[in-house]
Amino acid sequence: MKTAPSPFSPGMTRVARALIGPAALILIWWLANDSAWVSNKLLPNPFATFGTLWESLLSGSMTVDLGATLYRTMYAFAMAAVFGIPVGIALGSNERIYRSVEFLVDFFRSTPATAMFPLFLLIFGIGDFAKIAVAGFSAWLVVVFNVAYGVMNSRKTRILAARVMGASHWRVFRDVLFWESLPQTFVGLRMAVSLALVVIIVAEMFIGSTNGMGHRIIDAQQVFDLQQMYASILMTGGVGYGFNVLFIALEKWIVHWAGR
């Protein structure tokens, strides 16, 4: 017995399914607020919060802070990518060198970025670059680790085939290792940009910032402006989610041959 065709296209069905989670969250939030499961002093009305978010964007007060956070995040991420990808490929292409520095990479990658704040403040002083540097360093370690892992786990048959055909070390590096490591590189880049955003937000909260989403969140909390605080948190989450979606789309577009 044949089932009746769905009146909705596959794209519409995927969008509808993706909206189930956010709709459920808003419903639970509204019920918790309306039924006083959580005190109104701690949890504002969701629709009033979204209204505050919209008004803050229209007035431009939030866009200034959002722009500052995006600038710092992308600056830190760019440094991590530019310096991390070649270092990761170099380390991954020589396993003996990688094993000699593996402890250092894993040690600093496992060290909470917030524990590095005092060191970077001593080196760079109180200013934007200290925040960017600590975020860039944390993201750089993630990029190096993932790129090196991608190179070390590249398909040996392609490398051997290139060498049998007389390819130089540079040609093997450029035409085989770089492309073979791309899938894992994109995993590292996606993780790195998310980590850079987290570190920047925390730095804006606690390291003498005059703008940025982290500064906006902590300011709203201190004056007990809960609608503004929740609105800023939602916007920050939206930015993080947007980065993730963007990098997944870039990965599918650039590394469309992965797994073939």
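These questions and answers concern a predicted model.

Student: Which helix gives the largest share of the nonpolar patch?
Tutor: The patch covers about 730 Å² and includes Tyr-71, Leu-122 and Phe-129. Both α3 (61-92) and α5 (117-124) supply at least two of its residues. The largest share, four residues, comes from α5.

Student: Is Phe-129 buried, partly exposed or exposed?
Tutor: Phe-129 belongs to the nonpolar patch. Its place is in helix α6, residues 128-152. Buried means under 20% relative accessible area, and exposed means over 50%. At 34%, Phe-129 is therefore partly exposed.

Student: At what angle do α3 and α6 pack?
Tutor: The crossing of these two helices, α3 and α6, is right-handed. Their contact has 22 nonpolar, four polar and two charged residues. The axes lie 6 Å apart, and the angle is about 35°.

Student: How many residues apart in sequence are Asp-65 and Arg-216?
Tutor: Their side chains meet in a salt bridge, 2.9 Å from N to O. Both Asp-65 and Arg-216 are buried. Asp-65 sits in α3 and Arg-216 in α10 (residues 213-222), so the pair ties together parts separated in sequence by 151 residues.

Student: Which residues are linked with Arg-72 in a network of salt bridges?
Tutor: Arg-72 is buried, at 4% relative accessible area. Its side chain meets that of Asp-128 in a salt bridge of 2.9 Å, N to O. This pair links α3 to α6, 56 residues apart. The network joins Arg-72 with Asp-128, Lys-131 and Glu-204.

Student: What separation along the helix do Arg-99 and Glu-102 have?
Tutor: They form a salt bridge at 3.1 Å, N to O. Both lie in α4 (residues 95-110), three residues apart, so the separation is about one helical turn.

Technical notes: Residues numbered from 1 in each chain as written. Predicted model: local features only at pLDDT ≥ 70, side-chain atom pairs only at ≥ 80, totals over all residues. Heavy atoms only, no water. Patch = residues over 30% accessible without salt bridge, like charges linked within 9 Å, V, L, I, M, F, W, Y side chains within 5 Å. Areas by Shrake-Rupley, 256 points an atom, 1.4 Å probe, with all protein chains shown as cover. Salt bridge = Lys/Arg side-chain N within 4 Å of Asp/Glu carboxyl O. Buried < 20%, exposed > 50% of the residue type's maximum accessible area, 1.4 Å probe, protein only. Axes fitted to C-alpha atoms, helices over the stretch in contact; angles between N-to-C directions. Left-handed = near helix turned anticlockwise from the far one by under 90°. Nonpolar A, V, L, I, M, F, W, Y, C, P; charged D, E, K, R; others polar.
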